[in-house]
Amino acid sequence: MEDGETAGLDFWSFVALANRRLAQEYGFRHQLATEVLLTLNRASDLVTYDLEAAVHRPRGRSWSAFRLLFVVWLAGPLEPTSAARLTGMSRAAVSNLVKTLVAERMLHRVPDERDGRSVQLSLTEAGHEEMVSVFREHNEREFGWTNALTETEQRILVMLLGKLITSREEFGTRSRN
């Protein structure tokens, strides 16, 4: 395929091209599965990039730091292993973020009273204030994205994504948690 043929491709025409070539040239049968997952990944990347660029980076935070602070804010105090499971991050990624967020006085990291080998993560007062403030802006941006769908469509999308997530064990998928 020459550059002239691909110069005018946008995301949707690329998906159509990929589906056609995968079927005709390579004999793959599951084009709709490819289209669903390409679209799901594209939507996730677009939303994540927008939220990070518009809301979190201007405040000096990464998307990962926001996710960790969000989970500790609403579910904490909790152990780093639980934080990793709830954020979808690796335990090592959480550990590295915790060091930074403790140094920035956003998180407390204290020994667990029940198990001296473990620690509990909780927000500092500054961390709590930041999360209340940042989530106001974050939530308005979320609304901007989802407002393209009716409430019923949003509920259907959540249901369908939930079905994808919960059915993954049927074919032996891998995940961090």
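Me: Which residues does Asn19 touch, not counting residues up to four places away in sequence?

Reply: In this predicted model, Asn19 touches Gln31, Thr34 and Glu35 when residues up to four places away in sequence are not counted. Asn19 itself has its place in helix H2, which covers residues 11-24.

Me: Why is Asn19 called buried?

Reply: The relative accessible area of Asn19 is 11%. Buried means under 20%, and Asn19 is therefore called buried.

Me: How do you know whether Leu17 is buried or exposed?

Reply: Leu17 also has a place in helix H2. Its relative accessible area is 9%. The cut-off for buried is under 20%, so Leu17 counts as buried.

Me: How far apart are Leu17 and Phe66 in sequence and in space?

Reply: Leu17 and Phe66 are separated by 49 residues in sequence and by 37 Å in space, from C-alpha to C-alpha.

Me: Why is Pro111 called exposed?

Reply: Pro111 belongs to strand S1, residues 107-111. Exposed means over 50% relative accessible area, and Pro111 has 62%. Pro111 is therefore called exposed.

Me: What is Pro111 in contact with, leaving aside its neighbours within four places in sequence?

Reply: With those neighbours left aside, Pro111 is in contact with Ser118 and Val119. As for Glu79, Pro111 is 32 residues away in sequence and 9.7 Å away in space, C-alpha to C-alpha.

Me: What is the phi of Arg105, and where is Arg105 placed?

Reply: Arg105 has a positive phi of about 60°, although it is not a glycine. Its place is in the loop between helix H6 (91-103) and S1.

Me: What makes Arg105 count as exposed?

Reply: Its relative accessibility is 64%. The cut-off for exposed is over 50%, so Arg105 counts as exposed.

Me: Which peptide bond is cis, with omega near -5°?

Reply: The cis bond runs from Gly76 to Pro77. Pro77 is found in the loop between H4 and H5.

Me: Why are H4 and H5 called roughly perpendicular?

Reply: Helix H4 (residues 63-75) and helix H5 (residues 80-87) pack at an angle of about 115°, and their axes are 10 Å apart. Angles of 65 to 115 degrees count as roughly perpendicular. H4 and H5 are therefore roughly perpendicular to each other.

Me: Is the crossing of H4 and H5 left-handed or right-handed, and which residues meet there?

Reply: The crossing of H4 and H5 is right-handed. From H4, Arg67, Leu68, Val71 and Ala75 meet Ala83, Leu86 and Thr87 of H5. By class, this contact has 5 nonpolar, 1 polar and 1 charged residues.

Me: How does the radius of gyration of the protein chain stand against that of a compact globule of 177 residues?

Reply: A compact globule of 177 residues would have a radius of gyration near 16 Å, whereas the protein chain has 21 Å. Along the principal axes, the C-alpha atoms fill a box of roughly 60 × 35 × 35 Å. Of the 177 residues, 25% count as buried.

Me: How many helices and strands does the protein chain have, and what pattern do they follow?

Reply: The protein chain has 8 helices and 2 strands. Read along the sequence, the pattern is α-α-α-α-α-α-β-β-α-α. Among contacts between residues at least 6 apart in sequence, 50% join residues at least 24 apart.

How values were computed:
Residues are numbered from 1 along each chain as its sequence is written. This is a predicted model: local features need pLDDT of at least 70, side-chain atom pairs count only at pLDDT 80 or more; totals for chains, interfaces and linings use all residues. Side-chain values use heavy atoms; hydrogens and water are left out. Axes are lines fitted to C-alpha atoms, for helices over the stretch in contact, and angles run from 0 to 180 degrees between N-to-C directions. Helices (H or I, at least four residues) and strands (E, at least two) are DSSP runs, numbered from the N terminus. Angles under 35 degrees count as roughly parallel, over 145 as roughly antiparallel, 65 to 115 as roughly perpendicular and the rest as oblique. A crossing is left-handed if the near helix is turned anticlockwise from the far one by less than a right angle, and right-handed if clockwise. Contact means heavy atoms within 4.5 Å. Ala, Val, Leu, Ile, Met, Phe, Trp, Tyr, Cys and Pro count as nonpolar, Asp, Glu, Lys and Arg as charged, and the others, Gly among them, as polar. The radius of gyration is taken over C-alpha atoms; the globule rule is 2.2 Å times the number of residues to the power 0.38. Buried means under 20% relative accessible area, exposed over 50%, partly exposed in between (1.4 Å probe, protein chains only).
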